[in-house]
Amino acid sequence: MSDTITKEQIFKPENIVYKKTDLMTDNVLSYCPGCGHGTAHRILMEVIDEMGLQSKTIGIAPVGCSVLAYEFMNVDMQQAAHGRAPALATAIKRLLPDKTVFSYQGDGDLAAIGTAETIHACNRGENFTVIFVNNGIYGMTGGQMAPTTLEGMKSSTSPYGRDPQSMGHPLKMTELVAQLPGTYYVTRQAVHTPAAVRKAKKAIRKAIELQQQKVGMTFVEVVSNCNSGWKMTPVDSNKWMVENMFPFYPLGDIKVDGKLVKEV
Amino acid sequence: MAKVKGDIIVDIEKCKGCEVCIDACPTHTIAMSEQVNGKGYHFMQNVHDACTGCTNCAIVCPDGVITVYRIKV
(Lines give C-alpha, C1' and ligand atoms only; values in the text may rest on other atoms or scores of the structure.)
Protein backbone atom coordinates (compact mmCIF):
# COMPACT_ATOMS: atom_id res chain seq x y z
CA MET A 1 0.00 0.00 0.00
CA SER A 2 1.14 3.51 -0.71
CA ASP A 3 0.86 4.46 2.97
CA THR A 4 3.69 2.16 3.88
CA ILE A 5 6.17 3.56 1.36
CA THR A 6 8.84 5.57 3.10
CA LYS A 7 11.05 8.26 1.64
CA GLU A 8 14.03 5.92 1.95
CA GLN A 9 12.34 3.40 -0.32
CA ILE A 10 11.65 6.02 -2.97
CA PHE A 11 14.96 7.90 -2.90
CA LYS A 12 17.11 5.22 -4.45
CA PRO A 13 19.27 5.71 -7.57
CA GLU A 14 17.35 3.01 -9.48
CA ASN A 15 14.08 4.94 -8.99
CA ILE A 16 15.32 8.13 -10.63
CA VAL A 17 13.10 9.01 -13.57
CA TYR A 18 14.46 12.47 -14.23
CA LYS A 19 17.57 14.30 -13.22
CA LYS A 20 19.54 17.15 -14.69
CA THR A 21 21.86 15.86 -17.39
CA ASP A 22 25.57 15.66 -16.58
CA LEU A 23 26.26 17.79 -19.64
CA MET A 24 24.95 20.79 -17.72
CA THR A 25 27.63 21.92 -15.29
CA ASP A 26 26.92 22.54 -11.63
CA ASN A 27 27.32 26.31 -12.01
CA VAL A 28 24.25 28.29 -11.05
CA LEU A 29 22.64 29.67 -14.22
CA SER A 30 23.09 33.42 -14.56
CA TYR A 31 19.59 33.87 -15.98
CA CYS A 32 16.65 35.54 -14.27
CA PRO A 33 14.16 33.28 -12.47
CA GLY A 34 11.83 31.62 -14.99
CA CYS A 35 13.89 32.47 -18.07
CA GLY A 36 13.46 30.05 -20.96
CA HIS A 37 17.22 30.00 -21.65
CA GLY A 38 17.83 27.48 -18.87
CA THR A 39 15.29 25.05 -20.30
CA ALA A 40 16.62 25.54 -23.83
CA HIS A 41 20.19 24.86 -22.62
CA ARG A 42 19.09 21.75 -20.80
CA ILE A 43 17.10 20.14 -23.61
CA LEU A 44 19.94 20.82 -26.04
CA MET A 45 22.41 19.16 -23.69
CA GLU A 46 20.01 16.25 -23.11
CA VAL A 47 19.90 15.64 -26.86
CA ILE A 48 23.72 15.75 -27.12
CA ASP A 49 23.91 13.40 -24.12
CA GLU A 50 21.37 10.91 -25.48
CA MET A 51 23.12 10.83 -28.85
CA GLY A 52 26.51 10.30 -27.20
CA LEU A 53 28.06 13.30 -28.92
CA GLN A 54 29.65 15.10 -25.97
CA SER A 55 33.25 14.68 -27.16
CA LYS A 56 32.31 15.40 -30.79
CA THR A 57 30.31 18.59 -30.28
CA ILE A 58 31.43 22.20 -30.57
CA GLY A 59 29.01 24.93 -29.58
CA ILE A 60 29.18 28.62 -30.34
CA ALA A 61 28.11 30.99 -27.57
CA PRO A 62 26.67 34.33 -28.66
CA VAL A 63 26.66 37.80 -27.16
CA GLY A 64 23.60 38.58 -25.07
CA CYS A 65 22.06 36.95 -22.01
CA SER A 66 23.45 33.57 -23.05
CA VAL A 67 26.99 34.92 -23.46
CA LEU A 68 28.06 32.67 -20.58
CA ALA A 69 26.56 29.53 -22.16
CA TYR A 70 30.06 27.99 -22.14
CA GLU A 71 29.98 28.09 -18.35
CA PHE A 72 26.86 25.91 -18.27
CA MET A 73 27.22 23.54 -21.20
CA ASN A 74 29.79 20.84 -20.61
CA VAL A 75 30.88 20.55 -24.25
CA ASP A 76 33.59 22.36 -26.21
CA MET A 77 32.44 25.92 -26.71
CA GLN A 78 33.74 28.95 -28.54
CA GLN A 79 32.64 32.52 -27.93
CA ALA A 80 31.84 34.54 -31.04
CA ALA A 81 31.78 38.30 -31.58
CA HIS A 82 28.32 39.85 -31.55
CA GLY A 83 26.20 38.27 -34.28
CA ARG A 84 29.13 36.40 -35.85
CA ALA A 85 28.26 32.96 -34.48
CA PRO A 86 27.11 31.58 -37.89
CA ALA A 87 30.37 32.77 -39.51
CA LEU A 88 32.42 31.12 -36.78
CA ALA A 89 30.30 27.96 -36.94
CA THR A 90 30.89 27.85 -40.71
CA ALA A 91 34.65 27.96 -40.16
CA ILE A 92 34.59 25.29 -37.47
CA LYS A 93 32.31 22.98 -39.45
CA ARG A 94 34.40 23.32 -42.61
CA LEU A 95 37.70 22.72 -40.80
CA LEU A 96 36.34 19.89 -38.64
CA PRO A 97 33.52 18.37 -40.71
CA ASP A 98 33.15 15.35 -38.42
CA LYS A 99 32.19 17.47 -35.42
CA THR A 100 28.63 18.35 -34.52
CA VAL A 101 28.44 22.15 -34.50
CA PHE A 102 25.64 24.28 -33.13
CA SER A 103 25.30 27.99 -32.57
CA TYR A 104 23.10 29.22 -29.74
CA GLN A 105 21.86 32.75 -30.33
CA GLY A 106 19.33 35.24 -29.08
CA ASP A 107 17.23 37.59 -31.17
CA GLY A 108 19.42 40.63 -30.64
CA ASP A 109 22.40 38.62 -31.82
CA LEU A 110 20.88 36.61 -34.67
CA ALA A 111 18.17 38.97 -35.94
CA ALA A 112 19.85 42.36 -35.51
CA ILE A 113 23.62 42.61 -35.75
CA GLY A 114 24.06 39.13 -37.16
CA THR A 115 21.36 39.22 -39.85
CA ALA A 116 23.87 39.13 -42.71
CA GLU A 117 25.86 36.23 -41.24
CA THR A 118 22.69 34.28 -40.52
CA ILE A 119 21.15 34.74 -43.95
CA HIS A 120 24.35 33.98 -45.84
CA ALA A 121 25.15 30.91 -43.73
CA CYS A 122 21.60 29.65 -44.34
CA ASN A 123 21.85 30.46 -48.03
CA ARG A 124 25.13 28.59 -48.36
CA GLY A 125 23.51 25.60 -46.68
CA GLU A 126 26.22 25.10 -44.08
CA ASN A 127 25.86 21.86 -42.14
CA PHE A 128 25.31 23.11 -38.64
CA THR A 129 22.39 23.72 -36.34
CA VAL A 130 21.23 27.13 -35.18
CA ILE A 131 19.26 27.40 -31.94
CA PHE A 132 17.57 30.79 -32.02
CA VAL A 133 16.02 31.93 -28.75
CA ASN A 134 13.50 34.66 -29.50
CA ASN A 135 12.07 36.70 -26.65
CA GLY A 136 11.30 39.87 -28.58
CA ILE A 137 13.57 42.12 -26.56
CA TYR A 138 17.20 42.84 -25.71
CA GLY A 139 17.21 41.20 -22.31
CA MET A 140 20.78 41.65 -21.11
CA THR A 141 21.19 45.35 -21.81
CA GLY A 142 17.95 46.40 -20.12
CA GLY A 143 14.94 45.55 -22.26
CA GLN A 144 15.50 47.70 -25.35
CA MET A 145 13.47 47.18 -28.52
CA ALA A 146 14.75 44.37 -30.73
CA PRO A 147 13.91 43.70 -34.40
CA THR A 148 11.58 40.96 -33.15
CA THR A 149 9.66 43.19 -30.72
CA LEU A 150 5.94 42.99 -31.49
CA GLU A 151 3.91 45.91 -32.80
CA GLY A 152 2.65 47.95 -29.87
CA MET A 153 4.90 46.12 -27.42
CA LYS A 154 6.50 48.32 -24.80
CA SER A 155 10.22 48.27 -24.18
CA SER A 156 12.63 50.71 -22.59
CA THR A 157 13.36 52.34 -25.97
CA SER A 158 9.73 52.19 -27.16
CA PRO A 159 7.91 53.20 -23.97
CA TYR A 160 4.65 53.97 -25.82
CA GLY A 161 4.74 50.70 -27.74
CA ARG A 162 6.46 49.87 -31.01
CA ASP A 163 5.09 52.05 -33.80
CA PRO A 164 5.71 50.35 -37.17
CA GLN A 165 5.55 53.73 -38.94
CA SER A 166 8.71 54.99 -37.33
CA MET A 167 10.32 51.85 -35.90
CA GLY A 168 9.65 49.28 -38.58
CA HIS A 169 7.83 45.99 -38.46
CA PRO A 170 8.79 42.95 -36.39
CA LEU A 171 11.13 40.62 -38.24
CA LYS A 172 10.24 36.94 -38.66
CA MET A 173 13.74 35.52 -39.11
CA THR A 174 12.59 31.92 -39.13
CA GLU A 175 10.13 32.42 -42.00
CA LEU A 176 12.81 34.44 -43.78
CA VAL A 177 15.48 31.74 -43.67
CA ALA A 178 12.94 29.01 -44.49
CA GLN A 179 12.65 30.50 -47.98
CA LEU A 180 16.36 30.07 -48.66
CA PRO A 181 17.40 26.94 -50.58
CA GLY A 182 20.23 26.10 -48.15
CA THR A 183 18.00 25.35 -45.16
CA TYR A 184 16.71 21.80 -44.77
CA TYR A 185 14.74 21.84 -41.52
CA VAL A 186 13.26 25.01 -40.04
CA THR A 187 10.93 24.96 -37.06
CA ARG A 188 9.61 27.15 -34.28
CA GLN A 189 9.10 25.78 -30.79
CA ALA A 190 8.61 27.02 -27.22
CA VAL A 191 9.59 25.91 -23.72
CA HIS A 192 6.80 27.26 -21.49
CA THR A 193 4.92 24.00 -20.72
CA PRO A 194 6.04 20.37 -20.33
CA ALA A 195 4.38 19.44 -23.64
CA ALA A 196 6.11 22.30 -25.45
CA VAL A 197 9.47 21.36 -23.93
CA ARG A 198 9.07 17.75 -25.10
CA LYS A 199 8.22 18.93 -28.62
CA ALA A 200 11.12 21.37 -28.66
CA LYS A 201 13.47 18.60 -27.56
CA LYS A 202 12.24 16.36 -30.39
CA ALA A 203 12.80 19.20 -32.85
CA ILE A 204 16.35 19.80 -31.59
CA ARG A 205 17.06 16.07 -31.76
CA LYS A 206 15.80 15.96 -35.34
CA ALA A 207 17.96 18.95 -36.22
CA ILE A 208 21.11 17.39 -34.72
CA GLU A 209 20.34 14.04 -36.42
CA LEU A 210 19.89 15.76 -39.78
CA GLN A 211 23.20 17.51 -39.27
CA GLN A 212 24.91 14.08 -39.13
CA GLN A 213 23.46 13.37 -42.58
CA LYS A 214 25.01 16.58 -43.98
CA VAL A 215 21.81 17.80 -45.63
CA GLY A 216 22.10 21.52 -44.97
CA MET A 217 21.29 24.08 -42.35
CA THR A 218 18.91 23.10 -39.58
CA PHE A 219 17.32 26.00 -37.75
CA VAL A 220 15.31 25.75 -34.52
CA GLU A 221 13.67 28.88 -33.12
CA VAL A 222 12.63 28.74 -29.48
CA VAL A 223 10.09 31.41 -28.54
CA SER A 224 10.91 32.29 -24.97
CA ASN A 225 9.83 34.73 -22.31
CA CYS A 226 11.81 37.61 -20.84
CA ASN A 227 9.96 38.23 -17.61
CA SER A 228 12.32 40.93 -16.33
CA GLY A 229 12.38 42.73 -19.69
CA TRP A 230 8.63 42.46 -20.04
CA LYS A 231 8.19 43.49 -16.37
CA MET A 232 6.02 40.51 -15.41
CA THR A 233 6.24 37.49 -13.15
CA PRO A 234 7.48 34.32 -14.90
CA VAL A 235 4.05 32.67 -14.90
CA ASP A 236 2.34 35.84 -16.18
CA SER A 237 4.98 36.33 -18.86
CA ASN A 238 4.38 32.76 -20.10
CA LYS A 239 0.66 33.56 -20.34
CA TRP A 240 1.41 36.84 -22.10
CA MET A 241 3.66 34.98 -24.51
CA VAL A 242 0.87 32.52 -25.38
CA GLU A 243 -1.63 35.33 -25.92
CA ASN A 244 0.57 37.82 -27.78
CA MET A 245 3.72 36.19 -29.14
CA PHE A 246 2.22 32.98 -30.53
CA PRO A 247 -0.34 34.66 -32.84
CA PHE A 248 2.55 36.47 -34.54
CA TYR A 249 5.15 33.72 -34.10
CA PRO A 250 3.05 30.56 -34.57
CA LEU A 251 4.65 27.34 -33.34
CA GLY A 252 5.32 24.37 -35.57
CA ASP A 253 7.47 23.17 -38.44
CA ILE A 254 7.96 25.61 -41.29
CA LYS A 255 10.27 23.59 -43.52
CA VAL A 256 10.69 19.82 -43.34
CA ASP A 257 13.01 17.77 -45.59
CA GLY A 258 13.85 20.84 -47.64
CA LYS A 259 10.21 21.62 -48.48
CA LEU A 260 8.08 24.39 -47.06
CA VAL A 261 5.14 22.92 -45.14
CA LYS A 262 3.63 26.24 -44.19
CA GLU A 263 2.90 29.35 -46.18
CA VAL A 264 5.36 32.06 -45.29
CA MET B 1 -4.15 -1.24 -11.72
CA ALA B 2 -0.59 -0.57 -10.92
CA LYS B 3 -0.26 2.53 -8.82
CA VAL B 4 2.79 4.69 -8.84
CA LYS B 5 4.23 6.88 -6.17
CA GLY B 6 6.67 9.61 -6.87
CA ASP B 7 8.72 12.10 -4.98
CA ILE B 8 11.12 14.90 -5.74
CA ILE B 9 14.36 16.23 -4.34
CA VAL B 10 14.91 19.94 -4.86
CA ASP B 11 18.30 21.62 -4.85
CA ILE B 12 16.93 24.48 -2.76
CA GLU B 13 20.07 26.60 -2.99
CA LYS B 14 19.75 26.72 -6.79
CA CYS B 15 15.97 27.22 -6.91
CA LYS B 16 15.09 30.78 -7.96
CA GLY B 17 11.42 30.61 -7.03
CA CYS B 18 10.02 31.32 -10.50
CA GLU B 19 6.90 29.17 -9.81
CA VAL B 20 6.81 27.77 -13.36
CA CYS B 21 6.85 24.24 -11.89
CA ILE B 22 3.83 24.97 -9.70
CA ASP B 23 1.85 25.93 -12.80
CA ALA B 24 2.94 22.68 -14.49
CA CYS B 25 2.15 20.27 -11.63
CA PRO B 26 -1.05 18.33 -12.45
CA THR B 27 -1.61 17.15 -8.85
CA HIS B 28 -0.84 20.46 -7.10
CA THR B 29 1.75 18.71 -4.99
CA ILE B 30 4.25 21.53 -4.89
CA ALA B 31 4.11 25.04 -3.48
CA MET B 32 6.48 27.81 -2.51
CA SER B 33 8.02 27.61 0.92
CA GLU B 34 7.75 30.30 3.54
CA GLN B 35 11.51 30.24 4.06
CA VAL B 36 14.11 31.63 1.72
CA ASN B 37 17.37 30.11 0.52
CA GLY B 38 20.84 31.64 0.69
CA LYS B 39 20.12 33.93 -2.25
CA GLY B 40 16.88 35.18 -0.71
CA TYR B 41 14.54 33.32 -3.03
CA HIS B 42 11.53 31.37 -1.82
CA PHE B 43 12.05 27.81 -3.00
CA MET B 44 9.56 25.17 -4.09
CA GLN B 45 8.78 22.13 -1.96
CA ASN B 46 6.41 19.19 -1.65
CA VAL B 47 3.33 20.05 0.38
CA HIS B 48 1.53 16.71 0.22
CA ASP B 49 1.85 13.12 -0.93
CA ALA B 50 0.00 13.24 -4.25
CA CYS B 51 3.15 13.21 -6.40
CA THR B 52 2.97 10.65 -9.22
CA GLY B 53 6.48 11.21 -10.50
CA CYS B 54 5.22 12.58 -13.83
CA THR B 55 8.41 14.73 -14.20
CA ASN B 56 6.46 17.75 -15.49
CA CYS B 57 7.98 20.06 -12.88
CA ALA B 58 11.52 18.91 -13.63
CA ILE B 59 11.03 19.27 -17.38
CA VAL B 60 9.92 22.90 -17.22
CA CYS B 61 12.35 23.92 -14.47
CA PRO B 62 14.70 26.42 -16.15
CA ASP B 63 17.40 25.79 -13.60
CA GLY B 64 17.15 21.99 -13.53
CA VAL B 65 17.00 21.84 -9.75
CA ILE B 66 14.49 18.97 -9.49
CA THR B 67 15.32 15.26 -9.40
CA VAL B 68 12.27 12.99 -9.73
CA TYR B 69 11.93 9.48 -8.29
CA ARG B 70 9.14 7.05 -9.03
CA ILE B 71 8.25 3.53 -7.83
CA LYS B 72 5.39 1.16 -8.55
CA VAL B 73 3.36 0.13 -5.51
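Two residues count as in contact here if their C-beta atoms, placed from the backbone, lie within 7 Å. By that rule, in this predicted model, 29 residues of chain A are in contact with 28 residues of chain B.

## Where the chains meet

Let us start with the side of chain A that touches chain B. Helix 1 (7-10), strand 1 (16-18), helix 2 (36-50), helix 9 (194-212) and helix 10 (234-248) of chain A each supply at least two of its residues. Helix 2 of chain A gives the most, with four residues. Sorted by class, this side of chain A holds 16 nonpolar, nine polar and four charged residues.

The meeting of the two chains also involves strand pairing. Strand 1 of chain A pairs with strand 4 (residues 66-72) of chain B in the antiparallel sense, over two bridges. Within chain B, strand 4 is joined to strand 1 by seven bridges, and these two strands run antiparallel.

## Inside chain A

Chain A has 10 helices and 11 strands. For its 264 residues, a compact globule would have a radius of gyration near 18 Å, and the 19 Å of chain A agrees with that. Its C-alpha atoms fill a box of roughly 65 × 45 × 35 Å along the principal axes. Buried residues make up 50% of chain A. Of the contacts in chain A between residues at least 6 apart in sequence, 66% join residues at least 24 apart.

Eight strands of chain A form an open sheet with mixed pairing, in the order 3-2-4-5-9-8-10-11. Strand 3 (76-79) and strand 11 (259-260) are at the edges, each with a single partner strand, so one side of each has no neighbour in the sheet. Strand 5 (residues 129-134) and strand 9 (residues 217-223) of chain A run parallel and are joined by six bridges; one bridge pair is Ile131(A) with Val220(A).

| Helix of chain A | Strands of chain A touched | Angle between directions |
|---|---|---|
| Helix 2 | strand 2 (57-61), strand 5, strand 9 | about 160° with strand 5 |
| Helix 9 | strand 4 (100-106), strand 5, strand 8 (183-190), strand 9 | about 165° with strand 8 |

Elsewhere in chain A, the axes of helix 4 (residues 85-95) and helix 6 (residues 115-124) come within 7 Å and cross at roughly 40°. Pro86(A), Ala87(A) and Thr90(A) of helix 4 meet Glu117(A), Thr118(A) and Ala121(A) of helix 6. This contact has three nonpolar, two polar and one charged residues.

## The nonpolar core

Which residues have the most contacts inside the largest nonpolar core? They are Ile131(A), Ile204(A), Val222(A), Cys21(B) and Cys57(B), in a core of 88 residues. Helix 9 of chain A gives the most to this core, with seven residues.

Beyond its neighbours within four places in sequence, Ile131(A) is in contact with Ala40(A), Leu44(A), Phe102(A), Tyr104(A), Ile204(A), Val220(A) and Val222(A).

Key
Residues are numbered from 1 along each chain as its sequence is written. Chains are lettered from A and ligands numbered from 1 in the order in which they are written. This is a predicted model: local features need pLDDT of at least 70, side-chain atom pairs count only at pLDDT 80 or more; totals for chains, interfaces and linings use all residues. Ala, Val, Leu, Ile, Met, Phe, Trp, Tyr, Cys and Pro count as nonpolar, Asp, Glu, Lys and Arg as charged, and the others, Gly among them, as polar. Two strands pair if DSSP finds at least two bridges between them. A nonpolar core is a set of buried Ala, Val, Leu, Ile, Met, Phe, Trp, Tyr and Cys residues joined through C-beta atoms within 7 Å. A residue is buried if 20 or more other C-beta atoms lie within 10 Å of its own, exposed if 12 or fewer, and partly exposed in between; C-beta atoms are placed from the backbone. Axes are lines fitted to C-alpha atoms, for helices over the stretch in contact, and angles run from 0 to 180 degrees between N-to-C directions. The radius of gyration is taken over C-alpha atoms; the globule rule is 2.2 Å times the number of residues to the power 0.38.
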